[in-house]
Amino acid sequence: MTQETTENETDEFCDEKMGDMVNRLKVIWALQEVLHQSEAQGHLVCGVHNAANELAVDQEAIGLCILVENPRADPGTQVHCRLIEAYCWECAIPVIKVNDSRKLHKMTNYHGTLREPLDCVLVKNLVTQTDAVSTVLQFSRHAPAPLLKIK
């Protein structure tokens, strides 16, 4: 193997990693924009119990579900999140999973304390004509629910 071959393979590998990172950052930015706009309009439902209640009352208004993938969470919360995820899939509501409850907490401007984990967020009345929303929805189409690393 020549040095030129090694450099070309390394360049291709680095470009691929850079592309993945750019795409991930684009989706994170779009998700943050969607959450800020929805929060400003009062269209966010935060928390597992509030989300379950909202899904029972008005599932047609829900445009996006964001769940935190946390294997160390309370088992009861994990069960609730799995049920919400299954219900959303059954009702064709897009689902995205994120890996950090605290970061999601900050992205939503949730008014609970930082000690309370934020494991579920629903976005109601999603306006689909914006670039940010289309980016998030395109990302959510990967099945099963794609994990977005936001740390």
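Five helices and five strands make up the chain; these are DSSP runs numbered from the N terminus, helices being H or I of at least four residues and strands E of at least two. The model is predicted: local features need pLDDT of at least 70, side-chain atom pairs count only at pLDDT 80 or more, and totals for chains, interfaces and linings use all residues. Residues are numbered from 1 along each chain as its sequence is written, and side-chain values use heavy atoms, with hydrogens and water left out.

Along the sequence the order is α-β-α-β-α-β-α-β-α-β.

| Property | Value |
|---|---|
| Buried (under 20% relative accessible area, 1.4 Å probe, protein chains only) | 39% of 151 residues |
| Contacts (heavy atoms within 4.5 Å) with a separation of 6 or more that join residues 24 or more positions apart | 78% |

Now the second largest pocket. A pocket here is an open set of points on a 1 Å grid over the protein atoms alone, where a 1.4 Å probe fits, with protein on both sides within 12 Å along at least five of seven lines. Its space is about 160 Å³, taken as the volume filled by probe spheres set on the points.

The lining has 12 residues, and V48, H49, T77, P117 and D119 are the closest to the pocket centre. Lining residues have an atom within 4 Å of a point. Helix 3 has the largest share, with three residues. By type, the lining holds four nonpolar, five polar and three charged residues.

Conventions: Nonpolar A, V, L, I, M, F, W, Y, C, P; charged D, E, K, R; others polar. Buried < 20%, exposed > 50% of the residue type's maximum accessible area, 1.4 Å probe, protein only.
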